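Take a walk through this fold with me. We start with a term, then look at helices and strands.

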Amino acid sequence: MSSEELKTTGKEAVKLIQGLSSITNFKILQLLSKEDLDVSTIAKKMKLSEAHISGEIRKLTDLHLINVTYKPGKRGIRKVCMLAVKKISITIKP
């Protein structure tokens with residue numbers, strides 16, 4: 001489930017900007033804007049390791065930019081990621 005907008009300011013805004021400054025994180029968000037994907041699919045599409053993508057997913061989850069659910073897969077549990085927000089607003093001066 002996604003919300004329309006994430007509004008932030010102050011220290012939380014700095015953390016968010018740092019998270020978005022990573023090209024990997026930005027590309028993950030772009031992929032998820034088109035469809036929900038599991039970690040292994042994201043890793044394949046980006047030609048990066050699942051371990052690296054999993055770490056970035058954790059960061060994006062902590063920033064409330066994506067949500068994660070778990071679903072059965074062919075060989076265990078799949079970690080499925082989806083966008084948590086459609087829009088981000090950062091206020092510089094409250």
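A crossing of two helices is called right-handed if the near helix is turned clockwise from the far one by less than a right angle, and left-handed if anticlockwise. Keep that in mind. The model here is predicted.

Find helix H2, residues 23-34, and helix H3, residues 39-46. Their crossing is right-handed. The two pack at an angle of about 115°, and their axes lie 11 Å apart. Angles of 65 to 115 degrees count as roughly perpendicular, so H2 is roughly perpendicular to H3.

Which residues of H2 and H3 meet? From H2 come Thr24, Lys27, Ile28, Leu31 and Leu32. From H3 come Ile42, Lys45 and Met46. This contact has 5 nonpolar residues, 1 polar and 2 charged.

Now turn to the strands. Strands of a sheet pair through backbone hydrogen bonds, either parallel or antiparallel. Here 3 strands form an open sheet with antiparallel pairing, in the order E2-E4-E3. E2 (37-38) and E3 stand at the edges. Each has a single partner strand, so one side of each is left without a neighbour in the sheet.

Look at each pairing in turn. Strand E3 covers residues 66-73 and strand E4 covers residues 76-83. They are joined by 8 bridges. Asparagine 67 stands opposite methionine 82 in E4. A hairpin links E3 to E4 through 2 residues. E2 is joined to E4 by 2 bridges. There, aspartate 38 stands opposite valine 80 in E4.

Helix H4, residues 50-62, lies across E3 and E4. H4 runs at about 135° to E3.

Note on methods
Residues are numbered from 1 along each chain as its sequence is written. This is a predicted model: local features need pLDDT of at least 70, side-chain atom pairs count only at pLDDT 80 or more; totals for chains, interfaces and linings use all residues. Side-chain values use heavy atoms; hydrogens and water are left out. Two strands pair if DSSP finds at least two bridges between them. Helices (H or I, at least four residues) and strands (E, at least two) are DSSP runs, numbered from the N terminus. Axes are lines fitted to C-alpha atoms, for helices over the stretch in contact, and angles run from 0 to 180 degrees between N-to-C directions. Angles under 35 degrees count as roughly parallel, over 145 as roughly antiparallel, 65 to 115 as roughly perpendicular and the rest as oblique. Contact means heavy atoms within 4.5 Å. Ala, Val, Leu, Ile, Met, Phe, Trp, Tyr, Cys and Pro count as nonpolar, Asp, Glu, Lys and Arg as charged, and the others, Gly among them, as polar.
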